[in-house]
Amino acid sequence: MKVVVQRVANASVTINNKKVASIEGGLLILLGVVVEDTKEDINWLSNKIKNLRVFGDENGVMNKSIMETDGDVIVVSQFTLHASTKKGNRPSYIKAAKPEIAIPLYESFVKQIELDLGKSIQTGEFGADMKVALLNDGPVTIIIDSKNKE
C-alpha cells in the first residue's frame with residue numbers, strides 16, 4: 001500500500017456535483033493498493049499515520065499527531081499512486097490491484113484507521129470520478145509505502 005498524506009486546512013470530495021466529504025483541518029489520505037497488500041500493510045500504515053507528528057505544537061514545531069489534535073480525516077482511493085512511468089509517456093497501472101482485490105482492502109483500511117483514531121472518517125467513493133479539493137497546510141505532504149518501510 002502506498003499513501004500520500006497531506007496536512008490540510010480544509011479538504012473536500014465532490015462526485016457528480018455533490019459534496020460527499022468535507023473537513024476543516026486534519027489529513028487528506030490518498031490510498032493506492034497493490035495485489036500483494038495484506039492486513040499487515042493496513043495495520044502498519046494506519047498505526048504510522050495515526051502517530052505521524054506533522055501538526056504544530058505550542059512552539060510551532062511539528063510535534064503533534066492527528067490523535068493529539070483531534071483533526072479530521074478523509075481517505076480517497078487512488079490507483080494512480082502505483083503508476084509506472086518507466087517506458088514511454090503513458091503511465092502503466094499494471095501494479096495497481098483490480099477492484100475485486102482493492103475494494104475490500106480499501107474498506108478494511110478505512111475501518112482500521114477509524115478504530116485507531118476512535119472516530120468516523122470520511123471517504124470518497126472507490127472508482128468514482130472524484131473532484132478532490134484541498135488547501136495544503138504548510139505545505140506538508142508525506143509519501144509512505146508499506147513495502148518500503150524507511
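A search of the whole structure, which is a predicted model, finds 2 aromatic pairs, where rings of Phe, Tyr and Trp (its six-membered ring) pair if their centres lie within 6.5 Å, with planes under 30 degrees apart counted as stacked, over 60 as edge-to-face and the rest as tilted. The rings of Phe79 and Tyr93 have centres 5.1 Å apart and planes at 80 degrees, so this pair is edge-to-face. Both Phe79 and Tyr93 lie in the loop between β6 and α3, 14 residues apart, and the pair links distant parts of the chain; helices (H or I, at least four residues) and strands (E, at least two) are DSSP runs, numbered from the N terminus. Phe79 is partly exposed at a relative accessible area of 49%, and Tyr93, at 33%, is likewise partly exposed, on a scale where buried means under 20% relative accessible area, exposed over 50% and partly exposed in between (1.4 Å probe, protein chains only).

The other pair is formed by Tyr106 and Phe126, whose ring centres are 5.8 Å apart and whose planes meet at 55 degrees, so it is tilted. Because Tyr106 belongs to helix α3 and Phe126 to the loop between β7 (122–123) and β8, the pair ties together parts that are 20 residues apart in sequence. Here Tyr106 is buried, with 6% relative accessibility, whereas Phe126 is partly exposed at 27%.

Local features need pLDDT of at least 70 and side-chain atom pairs count only at pLDDT 80 or more, while totals for chains, interfaces and linings use all residues.

On a 1 Å grid over the protein atoms alone, a pocket is an open set of points where a 1.4 Å probe fits, with protein on both sides within 12 Å along at least five of seven lines, and lining residues have an atom within 4 Å of a point. The largest pocket holds about 400 Å³ of space, a volume being the space filled by probe spheres set on the points, which are joined across faces, edges and corners. At least two lining residues come from each of β3 (26–32), β6 (72–77), α3 (99–117) and β8 (130–145). By class, the lining has 15 nonpolar, 5 polar and 2 charged residues, where Ala, Val, Leu, Ile, Met, Phe, Trp, Tyr, Cys and Pro count as nonpolar, Asp, Glu, Lys and Arg as charged, and the others, Gly among them, as polar.

Of these elements, β3 has 7 of its 7 residues buried, so it is largely enclosed by the rest of the structure. Strand β1 (residues 2–15) runs antiparallel to β3 and is joined to it by 7 bridges, two strands being paired if DSSP finds at least two bridges between them; Arg7 stands opposite Leu27 in β3. With β6, β3 pairs in the parallel sense over 6 bridges, and Ile29 has Val75 as its bridge partner in β6.

The second largest pocket has a volume of about 170 Å³, and its lining comprises 5 nonpolar, 1 polar and 5 charged residues. The largest share of that lining, 4 residues, is supplied by β8. Trp44 and Lys149 are among the residues of the lining, and the charged end of Lys149 sits over the ring of Trp44, 5.1 Å from its centre, a description that applies if NZ of Lys or CZ of Arg is within 6 Å of the ring centre and within 35 degrees of the ring normal.

Definitions and conventions:
Residues are numbered from 1 along each chain as its sequence is written. Side-chain values use heavy atoms; hydrogens and water are left out.
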